[in-house]
Amino acid sequence: MADFVSSDTLRARFSAAMSAMYRTEVPLYADLLAIVADVNARTAPDLASRDNARISEERHGAIRVGTGEELAQMRRFFAVLGMVPVGYYDLAQAGLPVHSTAFRPVTQAALSANPFRMFCSLLRLDLIADADLRDSAAQALASRRICSERLLDLVAKAEADGGLDEGDASVFLAEGLDVFRWHAESRVKEAEYLRLRAQHPLIADIVCFKGPHINHLTPRTLDIDATQAEMRARGIDAKDRIEGPPRRQCPILLRQTSFKALSEPIRFAGGEGGSHTARFGEIEQRGAALTPKGRALYDRCLADVSDVADDYDANLAAAFAPFPDDWNTLRSEALAYFRDSDTGPEPLVWEDFLPVSAAGIFRSNLGDGARDEVVTSGSQAQFETALGIPVADMFALYAAQTDEPSAT
Ligand code: OOG
Ligand code: NI
């Protein structure tokens, strides 16, 4: 058998290459990495080096694709990196014309080797009410090729042979990186870009460019409040609310915040210049994975957050008062997942995303023109047909990991 590069190695190399590319494309991202590294070292100076290594290597990214074919290509590409689609996120409920999944590794071994994740959204053309606009968006997308022939050939080769040797792997990674590069040239004329953007800024972002540019990369912080404060102190325009649960003794799920999108110069087909807002920065703090019962309680608490007074943090904390905040109760009430380790039960880390938080991140980064009007329900079946396979059930994955022997 040929000497294949393992999917864990491919994923780690791809994640590092994306990070290097994004640092040059969005220099503020480099500042963010430095702040997070500082805060993490201060927060957990004695963290086991294995965990420390995982945390400083950890990041997620996000992309948005325009067609079912593009989504299926992404699914096949990420599979070579050991990443499978987990979960269905219905953003239409929040008024956004997309639905999403997250490509990520699923076993404990793969997650500890490198947990890189990619949040991937698919445009829902069916939610564009204006038929003319829908047709012109569909037409622009029909002639677009986001992957090179060479990349598609290597994906097919990896599928057929079960892997790639070093020679193929390095070409595969370079061609893969190219898919997510920023292109400042719009494929459509200014008038059409403006019409699409007026319908919804997300539609213009997805339809008008050569590829699904990476729109953010997110490092994992061990203290999001400290990181957010440090961002502000350095004059970074951070979003005013942290999405997700409040600060707690026992962190659960995911807390996220972002800095605002940059306005970047672009050139339209036809030659005129303009500007586009798409790319931003984000940080996240991960906590314990909740069971369906814990998640239902989380959703109820979140729904109870009052928007009346302007002290959002206090309202959030008050709404979460019913959520137990000690590990024993979280375990005895089966609200979170645990697994046995040498030192007793430890909570499983939440490896996924949250639809309400994701909607907040989208919204804060769509610029002033963002209008949320398409309120309708999701269509998981339609998404999975495009994807080519069903998405994995995150709760089943966590449940299986509670039985996995603990990593040594
Ligand atoms: C994705 C926004 C969602 C997250 O971390 O929840 C997201 C996007 O803007 O494309 O990245
Ligand atoms: Ni994100």
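Mentor: Before we start, a helix here is a DSSP run of H or I with at least four residues, and helices are numbered from the N terminus. This is a predicted model, by the way.

Trainee: Okay, which element gives the largest share of the shell around ligand 1?

Mentor: That's α15, with four residues. The α15 run covers 355–364, and the shell includes Ser357, Ala358, Ile361 and Phe362. Two strands, β1 (59–65) and β4 (117–123), also give two or more residues to the shell.

Trainee: What puts a residue such as Gln256 in the shell around ligand 1?

Mentor: The cut-off is a C-beta atom, placed from the backbone, within 6 Å of the molecule. Gln256 is listed around ligand 1, along with Asn215 and Phe353 among others. By class, the shell splits into six nonpolar, four polar and one charged. Arg counts as charged, and Arg64 is in the shell.

Trainee: Which residues of α1 and α8 meet?

Mentor: On the α1 side you have Leu10, Arg13, Phe14, Ala17, Met18 and Met21, and they meet Ala169, Leu173, Gly176 and Leu177 of α8. That contact has eight nonpolar residues, one polar and one charged.

Trainee: How do you know that α7 is oblique to α8 too?

Mentor: The axes of α7 (residues 149–161) and α8 cross at roughly 130° and come within 9 Å. Roughly antiparallel needs over 145, and roughly perpendicular stops at 115, so α7 is oblique to α8. This crossing is left-handed. From α7 come Arg150, Leu151, Leu154 and Lys157, and from α8 come Asp168, Val171, Phe172, Glu175 and Gly176. In classes, that gives four nonpolar, one polar and four charged.

Trainee: And why is α6 called oblique to α9?

Mentor: Helix α6 (residues 131–142) packs on α9 (residues 190–199) at about 120°, with the axes 11 Å apart. The perpendicular range runs from 65 to 115, and antiparallel starts over 145, so α6 counts as oblique to α9. The α6–α9 crossing is left-handed. Leu133, Ser136 and Ala137 of α6 meet Glu192, Arg195, Leu196 and Gln199 of α9.

Trainee: Zooming out, how many helices and strands are there in the chain?

Mentor: The chain has 17 helices and eleven strands.

Notes:
Residues are numbered from 1 along each chain as its sequence is written. Chains are lettered from A and ligands numbered from 1 in the order in which they are written. This is a predicted model: local features need pLDDT of at least 70, side-chain atom pairs count only at pLDDT 80 or more; totals for chains, interfaces and linings use all residues. Two residues are in contact if their C-beta atoms, placed from the backbone, lie within 7 Å. Axes are lines fitted to C-alpha atoms, for helices over the stretch in contact, and angles run from 0 to 180 degrees between N-to-C directions. Angles under 35 degrees count as roughly parallel, over 145 as roughly antiparallel, 65 to 115 as roughly perpendicular and the rest as oblique. A crossing is left-handed if the near helix is turned anticlockwise from the far one by less than a right angle, and right-handed if clockwise.
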